[in-house]
Amino acid sequence: MSAEGRRRALRLLGALAVTGAAAPATWLGGRAAAQGYAGLGADAEGYSQVVEGRRFAFPRDRGPHPDFRIEWWYLTANLSDAAGRAFGVQWTLFRQAVSPDPGLDGWASPQIWMGHAALTSADRHLTAEKFGRGGVGQAGAVAQPYRAWIDDWRMESLGEGFSPLRLRAGGRGFSYDLGLRAEGPEVLQGRAGYSVKSERGQASYYYSAPFLRASGELRLGGERVEVSGPAWLDREWSSQPLEADQPGWDWFSVHLEGGDKLMLYRMRRVGARPYLSAAWIRPDGAIERLDPAEVALAPAAEAEVAGRMIPLEWTVEIPSRGLALIVEPLNRAAWMDMSFPYWEGPIRVEGSRAGVGYMELTGY
Amino acid sequence: MNWRGFLWALTALASHWRRRPLLLAAALVGLAAATGLWIGVQALNAEARRAYDDAARAMSAAALPALVAEGGGPADIARFGPLRRAGWPASPLIDVDLAVEGAPASLRLMGVEPVSLPEAAGLALFGAGEDEAGNDADADAPPAPDYAAFTRPPGRALIAPATLAELGDALGVGAGDRLATPRGETPPLVASAAAAPGVLIMDFGFAQRLAGMEGRTTRFLLDPDAELPAAPLSDIAPDLRRAAPRAAADPAQLTESFHLNLTAFGFLAFAVGLFIAHGAVGLAFEQRRGLMRSLRACGLPAWTLCAALGAELLVLALLAGVAGIAGGATVAAALLPDVAASLRGLYDAPAPDALSLPLSWWLWGLGMSVAGAAVASGGALWKAARMPVLDSARPEAWFAAARRARARQGALAGALAVVAAGLAVWGEGLVAGFAMIGAMLGAAALALPLALGAALAGLQGLADRRWGPLAAWMAADARQQLPGLSLALMALMIALAANVGVGSMVDGFRLTFESWLEDRLAAEVYAEAEPGAAPRLAALIAADPRISADLPEWRAETVLDGAPVELRGFADHATWRRRWPLLEAAPGAWDRVAAGQGAMISEQLARRLDLGLGDPLALAGGAALPVAAIFADYGNPRGQVRLSNAALAARAPEAERGRHALRVTPPEAAEAVAAELDAAEGVSAMEQGSIRALSSRIFERTFAVTGALNTLTFGVAGIALATALLSLSAARLPQTAPVWAMGTSRRRLAAMELGRIMGLALLTAMLATPLGVALAWALVAVVNVAAFGWRLPLHVFPADWLRLAALAVAAAGLAAAIPLAGFLRTSPAALAKVFADER
């Protein structure tokens, strides 16, 4: 999309946000530049509120929750080809309600959808963005048979169940067509799916499917590449996930050697310590929240990307598990130059355990 | 700063103007004319462009490729989701007339889906400006409603401010009110420049209901900037087919070239006005040399003197600026109806009739005036700053300096001529074209005094030998007078050249365009069916015995070299062979094209792709075709390729087939045939004469504007001459008095003076004519080609030259009349006194 197009899209949506997997994000009906990254801290009156103790149910919760203001389907995959070259794939669908009216359908639907797709290699980072109107079939999601789509980008179950899935998207100079197979269960983040974002109680409903296995074909320029590797799907919805003074977040998902998974994020706050949250997922799907006091997450080196300084190298230390990790991006230029820009790309993890994963840095 | 000194100096300097009101008038008129005409022309251009933009906004949705119902009528909106999911960049558009209860005329209702609407639609709904809360950026842009307000009940109906005002007059409605229509109320109105005049834009959901088109859409727009999916349309939506964009409104491009000329006129007027001011200010400076020497001798510092001179100029410039802008606005307002009328004719849409002159224009105009005054008097100020205290007062110094400057002028003229020639040979593009014109006019203006001086020297020699001393004196005196008149004569020459040049171009354009239109519109009636109405039209044509030949013209769209190109198919018929205007053609061009073995391309396309006869043209859908002919396609911004209908259909099966050129026998029946076809549903038909009349009317309107500006420029040059002569008249007494003293009567002297001025004007006119032709050439062969990609044949109009020369001589005579009347009234005592005053 051209620069002009982006400006137009931006204004079109009033103000919009993009976001991250585990971390909250959204578009807003009004303007909220001063309210944290992408206005995620704006007022949520009239929408359903996130409360602790909700019972999750599948397949129902794979579909949309239109009475909440924002929601996303966020898939990342760390892939490699036969020669060992590493690639990253991002497929994201965002839903936002521009008004809290309950689910009118058709042309009066208050839902608007946005898609982001990216394909990253060590030296290239190709992205695309789409917008779609809810209620008229251009974009949407259905719990069963599971599918989520915007235009011809889609993630859909091939059978009656959730897995196997097919994932497709593309833009100028790239496309991908991957099969996804679940090798483990979906896991509820936070306290049984209730994921807190600040000391003051901002929260979202959040679950992940971290045990997906992807394989298929990438097209990068004129080249076609057969790839496979682990993938991670995050599902999250909320009505006001951020405080107004939270400018952004740093979020990580890691597939460690040996089958363990690690998710951690920190919500930055103006003039205060970031709010940290971390979870350890064992290969059998058992998930354990880590005490923030046990986890040290710190930037190790900054680099200039798209005219701003961004911390692209990190250290993660969890002494209770004997873990000391160094996080480095596969491609430093993985800048998502979208209506609301952010950094998102595949990472390599070294140190006490090796691994791959995805990193999302917003609000820089 | 010594304020007392400054104020005294200012008072002393200003007192001069009281004694020389004519000189003051000359300076003021010069600056006012410069500012006023420039601002007037700019305001006119700006107003017209704004109207074009407004109109183009409504037109551009029609200029997009689209998907339409195969069988005619509206398309099924249920196709929207499947189309998008299959990767088609489709966006639904409702486009219908909407009757408003109580309103004098219906509005055009456009229902859009703002998220998928292609940017190229140009319906910049949310593209710029503030949201309703007034929170955003581009200060000039109108407020746009945010997405939620636009799409959610009650929604928003965007309407042009002018249309809203009209409805306000008729119905008493305003922003926020809702219009009553047969199917219910519209969403609340919001004034927005996003809507063209007469158009109501709202979200698709509301438009569906008001149009009575629930579940349907007029068409699906396709984003021309997006890739189309590989899968065929028939897999997704077999009831839809692709339609080429409707032709853009070509004449907008045509009028653009005239705006270029308006700008050139404005610039010339500015330059001529500055000449006047320069002459007057320069003379006033020379006349006050003695005064300034006295002031300096009394101890006034040079820079205080300069400050006083500068302050005086600033006051002059501001006064002249205000008067000029007011005058310019009046001129522009007087010319605007012509421009507005042409817009109505072009777009069938209301054009603005009122000229707005915002504060910024006033500031800009005053700035121009001050800058102009600075340019006109920079030399004088410089001299005042450097004047030695004890320099003797020499009123003739100006003329002497002018004489000395002649050699420099000659050198500069030569240099500019070399630059102009260089640009003519090697220059490329619009800027080079304008630079060449500037250098050419500058060189000619600077060379004029030299050429006139040489001519007068020749005359003087001739007079010496043949005509006696009085004639020799007359020629010698004319040479002596030349430096004082040269600036005014330069202005006259440039005005004349501009008239000859632009006049040639405009008249040539009219001739060319009319004959081209005559050939191009060779059929008597042109009919076009909306998608779906084509079979109905074909049946009507077949059933009408007055139609002697049906020449279908198919149309499709392709991309060549990254730019959209129109493919036009035609039926092989004697009408085209005889009449279609070709610029260049290979032997047997028509046969080859008819047989599908060649293509005809427009001049613009040939220039853009650098193609000549016989070169292969790579077209999608088949092998490359050799270029068989190149045709003129004035005013069409897009390239065009003409093929036989069969060849077109083979390459572009989706081609529109609803257009027909119809030969009618007898031709007198054309009007009736057109009217009957036009009455059929989904068919529009126009008789060739009406199309031509419409086009000609539009052009005549534009010519009216150009003609008026021609006259104005000429008037300014006349004023320049009059002011120069006026300011010279007093200074000339010392030259005239001795001749009078030797026995030549005042009446005779006055007649000689008049003859001399008219002779100089005639000489100037003779020199201006070739310059004007060169200017016409530059406009036609360089500027137009660079700006529009087509070239007009150069026509010359000698009768016009004679008329202009006569006008120039008459204007010079008129300009000389006032000072000469004064001279005739000069008492003998005053003449005799010259000898006493002589220094």
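This is a predicted model: local features need pLDDT of at least 70, side-chain atom pairs count only at pLDDT 80 or more; totals for chains, interfaces and linings use all residues.
## Chain A and chain B in outline

Chain A has 364 residues, of which 54% are buried. Its secondary structure consists of one helix and 23 strands. Among contacts in chain A with a separation of 6 or more, 55% are between residues 24 or more positions apart.

Chain B has 839 residues, and 46% of them are buried. Its secondary structure comes to 24 helices and 22 strands. Of the contacts in chain B with a separation of 6 or more, 82% link residues 24 or more positions apart.

## Two packed helices in chain B

Two packed helices are described by the angle between their axes and the distance between the axes. In chain B, helix H14 spans residues 469-520 and helix H23 spans residues 798-825; they pack at an angle of about 155°, with 11 Å between their axes. An angle over 145 degrees counts as roughly antiparallel, so H14(B) is roughly antiparallel to H23(B). The crossing of H14(B) and H23(B) is right-handed.

Which residues of H14(B) and H23(B) make the contact? On H14(B) they are Leu492(B), Leu496(B), Asn499(B), Val500(B) and Gly503(B). On H23(B) they are Asp800(B), Trp801(B), Leu804(B) and Ala808(B). Sorted by class, the contact of H14(B) with H23(B) holds six nonpolar residues, two polar residues and one charged residue.

## Buried faces of two helices in chain B

An α-helix has 3.6 residues a turn, so residues three or four places apart point the same way. Helix H15 of chain B covers residues 534-543, and its buried residues are Ala534(B), Leu537(B), Leu540(B) and Ile541(B). Viewed down the axis of H15(B), the buried residues fall within an arc of 125°, so they line one face of the helix. Ala539(B), Ala542(B) and Ala543(B), on the other side of H15(B), are exposed.

Helix H20 of chain B runs over residues 670-679, with Ala670(B), Val673(B), Ala674(B) and Leu677(B) buried.

## Cis peptide bonds

In chain A, Gln144(A) and Pro145(A) are joined by a cis peptide bond with omega of about -10°. Pro145(A) sits in the loop between strand S5 (139-142) and strand S6 (147-150) of chain A.

In chain B, the peptide bond from Thr665(B) to Pro666(B) is cis, and its omega is near -10°. Where is Pro666(B) found? Pro666(B) belongs to the loop between strand S21 (656-664) and H20 of chain B. H20 is the helix in which Ala670(B) is one of the buried residues.

## Alanines with positive phi in chain A

Ala192(A) is not a glycine, yet its phi is positive, at about 55°. Ala192(A) lies in the loop between strand S10 (187-188) and strand S11 (194-196) of chain A. Because Ala192(A) has 15 C-beta neighbours inside 10 Å, it counts as partly exposed.

Ala306(A) is not a glycine either, and has a positive phi of about 50°. Its place is the loop between strand S18 (296-305) and strand S19 (308-318) of chain A. Is Ala306(A) buried or exposed? With 12 other C-beta atoms within 10 Å, Ala306(A) is exposed; the cut-off for exposed is 12 or fewer.

## Two further residues of chain A

Ala82(A) is in the loop between strand S1 (70-80) and strand S2 (86-97) of chain A. Ala82(A) counts as exposed because it has 9 C-beta neighbours inside 10 Å. Ala82(A) and Ser228(A) are 146 residues apart in sequence, while their C-alpha atoms are 8.9 Å apart in space.

Ser253(A) is part of strand S14, residues 248-256 of chain A. Ser253(A) has 28 C-beta neighbours inside 10 Å, so it counts as buried. From Ser253(A) to Met263(A) the separation is ten residues in sequence and 4.6 Å in space, C-alpha to C-alpha.

Conventions
Residues are numbered from 1 along each chain as its sequence is written. Chains are lettered from A and ligands numbered from 1 in the order in which they are written. A residue is buried if 20 or more other C-beta atoms lie within 10 Å of its own, exposed if 12 or fewer, and partly exposed in between; C-beta atoms are placed from the backbone. Helices (H or I, at least four residues) and strands (E, at least two) are DSSP runs, numbered from the N terminus. The arc is that of the directions from the helix axis to the C-beta atoms. Axes are lines fitted to C-alpha atoms, for helices over the stretch in contact, and angles run from 0 to 180 degrees between N-to-C directions. Angles under 35 degrees count as roughly parallel, over 145 as roughly antiparallel, 65 to 115 as roughly perpendicular and the rest as oblique. A crossing is left-handed if the near helix is turned anticlockwise from the far one by less than a right angle, and right-handed if clockwise. Two residues are in contact if their C-beta atoms, placed from the backbone, lie within 7 Å. Ala, Val, Leu, Ile, Met, Phe, Trp, Tyr, Cys and Pro count as nonpolar, Asp, Glu, Lys and Arg as charged, and the others, Gly among them, as polar.
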